[in-house]
Amino acid sequence: MASSSSSGLTFKLHPLVIVNISDHYTRVKSQLSLPPSLTSTSSAATSNNNNNNSNGGENNQNPPPRVYGCVIGVQRGRTVEIFNSFELIYDPSTRSLDRSFLEKKQELYKKVFPHFYVLGWYSTGSDAQESDMHFHKALMDINESPLYVLLNPAINPAQKDLPVTIYESELHVIDGVPQLIFVRSSYTIETVEAERISVDHVAHLKPSGGSAATQLAAQLTGIHSAIKMLNSRIRVLHQYLVGMQKGICPFLVIVVQIKFSWNYVNI
Amino acid sequence: MDSAIAQKTWELENNILAVEAPDPSSDFIFYYDEVAQAMSLKAKPWGNDPHFFKRVKISALALLKMVIHARTGGPIEVMGLMQGKTGGDAIIVMDAFALPVEGTETRVNAQADAYEYMVDYSQTNKQAGRLENVVGWYHSHPGYGCWLSGIDVSTQMLNQQFQEPFLAVVIDPTRTVSAGKVDIGAFRTYPEGYKPTDDPISEYQTIPLNKIEDFGVHCKQYYALNITYFKSSLDCHLLDLLWNKYWVNTLSSSPLLGNGDYVAGQLSDLAEKLEQAENHLTHSRIGPLGTSRKKEESHLGKITRDSSKITVEQAHGLMSQVIKDILFNSVRQSK
């Protein structure tokens, strides 16, 4: 179902959207399972899960819940930039989307972020499914070609790549019948400076305040880690090129897209 | 082994608490226990002790949203509300949302306008599964530091009378970008007439001259709370993977270019302060200066700190440029 997109649109995703979706999912998951301290004393909780070991949250018999929501942002020309997201109410069994809720939320967000509009929707799961097409079509009357952002909440420590995929819908003719199918698109992560700093702050829990020396140390460690990444990536490329030279690796046209800003050139 | 020792020393100096390895059980902070919250609201342990709440825990999502919102306001103050719950002597902030009001002088009135928005938004949130209540408000002080102004203090005192538990958070997005670290402060006011038993010396921050009076008059009426951050295990995992993508942004960021106006403002403010200090000295040449309280630094001392802070930030920016220059612009034969 997922081949690569041919629409020629470039997608930019902001980290806020990713943290939003992750928070939504964590919230829904925690509400379904009780923390162990409350299993014995709480009387108001109604939970169907077995919580007979201390890590009650992870041993749900039920499959992890799917959450649904809307992504908003701006589209300028061929670039689509996704800035923010909010939750939606959708019942997968009846396939009904709560329209009034969607409109209410849209209104509220328009007041605070007047430039953003609905670009598509998001959900969690490991792969795009046929049933998702219903939701997708439902959104088509708001945006004629909505996006589908899928986040895979399974924590896999061996994973190197961000488990977020963006799908578009395209009309393909399959067996003589024109159908809408999902096609995968590539995206880049885009940050505003303030966003980057706060993400960095939370990700690495840098110290706030402190003497000038410690601030300097923090600043330099940040740059150091970035340069380490650059170094490792270049090494990989180098190895591959050497391999190509020796004839081990097949010849490939390597398109090196070095996307740096112009700040590098003499200041 | 030296690096290990150095790291330990650095961590000790900065009181970095080892991040609790986020396993799935630590995600339970996300669970909203309605019964326990209702009980604690009835019991009101904060009613008798103005210093009851000592800590604030802010979620990664709330921090991100607040900083981004504050930055989009540019030089205009923006404000919003925070949702969360209480946990012992800590206020836990789970989420934040922006309010459609612009910073005005009469911010107390502006809150009345925002009530409708707040009610609507809270309703939709409860429907969508976010059960927490509003537990505080945040606003931005673009470029002039994290503290409560006179109006902020009166707003917060009102809030603490009628909407307890309530927290005030101030964010400075300009200083955040210029310094490269988040500039945020969480405060609670003392009730009218209450004198704090001990006088905690807060961390020094530079305040521009036109605001310094406002700051000085009210700085004893509130106290700052300790802020820690938390994130879910999924957040951790995603943020780690995110680093694989945005290290490019880290390298390509250039704080020198983004904050030109702010730095110019800082420098002119410093010049004004120097002039003021000079006048102060010349006028009190006659007769000895009153014995200054030991805790307060002299004017010149403060000015020195301000100027060194500006220099340090500029030096950081320059350093990154030099590093990048060496890395990319100089062509050398390797080995």
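Here are some questions and answers on how the labels for this predicted model are reached.

Q: What makes β7 and β8 of chain A a pair of strands?
A: Pairing needs at least two bridges found by DSSP. Strand β7(A), residues 147–151, and strand β8(A), residues 164–174, are joined by four bridges, so they count as paired. Their sense is antiparallel, and in β8(A) the bridge partner of A:L151 is A:V164.

Q: Why are β9 and β10 of chain A called edge strands?
A: Follow the order of the eight-stranded open sheet: β9-β8-β7-β6-β2-β3-β1-β10, with mixed pairing. Strands β9 (177–185) and β10 (187–189) each pair on one side only. From one strand to the next, the twist averages 35°.

Q: How do you know that helix α4(A) packs on this sheet?
A: Contact means heavy atoms within 4.5 Å, and helix α4(A), residues 132–139, touches β2, β6, β7, β8 and β9 of chain A. The direction of α4(A) makes about 95° with that of β9(A).

Q: Which helix of chain B lies across β7 and β10 of chain A?
A: That is α8(B), residues 233–252, running at about 95° to β10(A).

Q: What are the covered and uncovered faces of strand β1(A)?
A: On β1(A), residues 10–13, A:F11 and A:L13 make up the covered face, while A:T10 and A:K12 make up the uncovered one.

Q: How confident is the predictor in chain A, on the pLDDT scale?
A: On a scale from 0 to 100, the mean pLDDT of chain A is 74, and 75% of its residues reach 70 or more. Residues 206–210 of chain A stay under 50, with 14 contacts beyond four places in sequence. The pLDDT is also below 50 over residues 259–267 of chain A, a stretch with 21 contacts beyond near neighbours in sequence.

Q: What makes up the domains of chain A, and how far apart are their C-alpha centres?
A: The domain assignment gives domain 1 as 10–31 + 63–189 and domain 2 as 218–265. Their C-alpha centres lie 32 Å apart.

Note on methods. Residues numbered from 1 in each chain as written. Chains lettered and ligands numbered in written order. Predicted model: local features only at pLDDT ≥ 70, side-chain atom pairs only at ≥ 80, totals over all residues. Heavy atoms only, no water. Helix = DSSP H or I, 4+ residues; strand = E, 2+ residues; numbered from the N terminus. Axes fitted to C-alpha atoms, helices over the stretch in contact; angles between N-to-C directions. Domains from an automatic or database assignment. Buried < 20%, exposed > 50% of the residue type's maximum accessible area, 1.4 Å probe, protein only.
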